[in-house]
Each structure stands twice: as structure tokens, then as C-alpha cells.
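Hi there,

Here is the structure I promised to pass on.

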Amino acid sequence: MKKPFLTAEWRKLILINYAVDPEILKKYLPHKTELDLWEGKCYVSLVGFMFLNTKVKGCKLPGHINFEEVNLRYYIKHQNGDEVRRGVGFIKEMVPKPLITAVARTIYKEPYQTLPMKHSWSEDNELNIEYSWKLKGIWNSVSVNAESTPFSFNENSEADFITEHYWGYTKINNAQTNEYEVKHPAWKIYNVLDYRVNVDFKASYGADFEFLNHQQPTSVMLAEGSEISVGNKRVL
């Protein structure tokens, strides 16, 4: 049995979710995928979290074990015979490690970018979690204040839809797509009390997403996360 390409922990995931016009995403769709909707709504999510205890092919790379990531993702699915594989595609993924960016862009064709990043965790009576990235000399950030006790979400809930996608799809060209499996147990979430989005979406993700500068999120979540594994890719 092949080793997974990457193992790690994804922890304290902030998920800022927006309902958007599906037409915006159609040009980004990888070959052989279609948009996955929840209750008729098309979502994008701004996601910030920590990579911890990261290993590539079972090996820790010095200086690349613990680091932040912030991405803008959307929800898609692929019909694999009789199986519907629910997954995500990415507009852009930001990390502070050039080697991670180089590997992800070269092997998986993922749209990674290297930027200065930082995070802040406070875990006393309440959780205060923040992820920041510096772009063109300006710091952007997402943060939440949440209760400290996690709980399980209901099946078929919005949280279930947002967190329970176990495949990644990347557009190589108009006729080829990379597919890889992401394995993890179901996550618990925290009750979010307050949040802050300090983001220039146009600068971070392009003109197609500038409208998010003026749009309120549909929902904001904080998930605890878990150990994860990313499988080797195959080409569709």
C-alpha cells in the first residue's frame, strides 16, 4: 500500500462562508467536475488554519513542520462510476514556506503563493484565533472569538456540507484534472461569538472576488480539525 503524499494536523480552522453566483466559478471548474450546492446555494469559503507536525512521504522537512495556510475554496463534485466524490477546488492557497509552494505547484498544480504570515491563538475561557498574511506591504487577517467547548454538528447541516468534502481537484488545462483524496475524521466545531474579516479580496484573490469586500458572510465557523492525510494524485 502506498504511503500518503503528506500527513499533518489541520487545527483551529476558521471558515468564512459566502453564498455567491455560480457563474463566477464556472471558468475555474476543473475538467470532469461540477459545482456542489447546498440547499440550492453555491458557496466559497475563506479558510485559515495551522499545519502542524507536517510530513512529506513520512519525512519531516526542517523548518516546514508547523505553519499557517489561508485559502479561498469552492465546492465541487466528480462522478466516478457509481460514486459521487465531493471535493473542493482552490482559487488560491497562501503559505509562508517557499518549499511548500514549490512542491504544491509542481506536483499538484495547486495555486499556492508564498507570503509573510502569522497567527495568534488564545485558549483561556474563550478561544481567540487569528490568521494574517502580508500582501503588498499590508496585513490582511481573519479572526474569530468562540466558546471553548467543541461539539458535533448534525448530519446534512451547513457545517456538514462545508467540512465534509474529502477530495481535491485541480485544473491542469481544459482537458485534464488532478484528483487526490484527503482523509480525516469528522470534525467538531465551536460556537462562534464574534468574527472579523480584514481582507482585500481583489488584491488577494483577483478582480472576480472583489465583491466579497462588500458582502456579509452567510456563516462563520471554527472547526477543531484533526490529523489528516493527502493521497497521491491521479490525472482525470
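Below are my notes on strand pairing, salt bridges, the cavity and the cysteines.

First, the ground rules. This is a predicted model, in which local features need pLDDT of at least 70 and side-chain atom pairs count only at pLDDT 80 or more, while totals for chains, interfaces and linings use all residues. Residues are numbered from 1 along each chain as its sequence is written, and side-chain values use heavy atoms, with hydrogens and water left out.

**Strands around β11**

Helices (H or I, at least four residues) and strands (E, at least two) are DSSP runs, numbered from the N terminus, and two strands pair if DSSP finds at least two bridges between them. Strand β11 (residues 176-183) runs antiparallel to β10 (residues 167-173), with 6 bridges joining them. The two form a hairpin with 2 residues between them, and Thr-170 sits opposite Asn-178 of β11. β11 also pairs in the antiparallel sense with β14 (residues 219-230), over 2 bridges; here Val-182 has Val-230 as its bridge partner. Another antiparallel pairing, again over 2 bridges, links β11 to the strand β15 (residues 234-235), where Glu-179 stands opposite Arg-234.

**Salt bridges**

Counting a side-chain nitrogen of Lys or Arg within 4 Å of a carboxyl oxygen of Asp or Glu, I get 10 salt bridges. One of them joins Glu-224 and Lys-12, at 2.7 Å from N to O. Glu-224 belongs to β14 and Lys-12 to β1 (residues 6-20), so this pair ties together parts that are 212 residues apart in sequence.

Asp-208 and Lys-27 form another salt bridge, at 2.8 Å from N to O. Asp-208 is in the loop between α3 (201-205) and β14, and Lys-27 is in the loop between β1 and β2 (34-35), so parts 181 residues apart in sequence are tied together. Asp-208 is partly exposed at 27% relative accessibility, whereas Lys-27 is exposed at 54%. Salt bridges with shared partners also join Glu-9, Arg-11, Lys-12, Glu-123 and Glu-224 into one network. Within it, the closest N and O atoms of Arg-11 and Glu-9 are 3.0 Å apart.

**The cavity**

A cavity here is a set of points, on a 1 Å grid over the protein atoms alone, where a 1.4 Å probe fits but cannot get out; lining residues have an atom within 4 Å of a point. Of its 32 lining residues, the closest to the centre are Trp-10, Glu-93, Tyr-112, Tyr-180 and Val-230. Helix α1 gives the largest share of the lining, 5 residues; elements giving two or more include β1, α2 (158-163), β10 and β11. By class, 23 lining residues are nonpolar, 5 polar and 4 charged.

**Cysteines**

How many disulfides does the structure hold? With a disulfide taken as a pair of cysteine sulfur atoms within 2.5 Å, the count is 0. Cys-42 is buried, with a relative accessible area of 3%, while Cys-59 is partly exposed at 43%.

Best wishes

Notes: Buried means under 20% relative accessible area, exposed over 50%, partly exposed in between (1.4 Å probe, protein chains only). On a 1 Å grid over the protein atoms alone, a cavity is a set of points where a 1.4 Å probe fits but cannot get out, and a pocket is an open set with protein on both sides within 12 Å along at least five of seven lines; lining residues have an atom within 4 Å of a point. Ala, Val, Leu, Ile, Met, Phe, Trp, Tyr, Cys and Pro count as nonpolar, Asp, Glu, Lys and Arg as charged, and the others, Gly among them, as polar.
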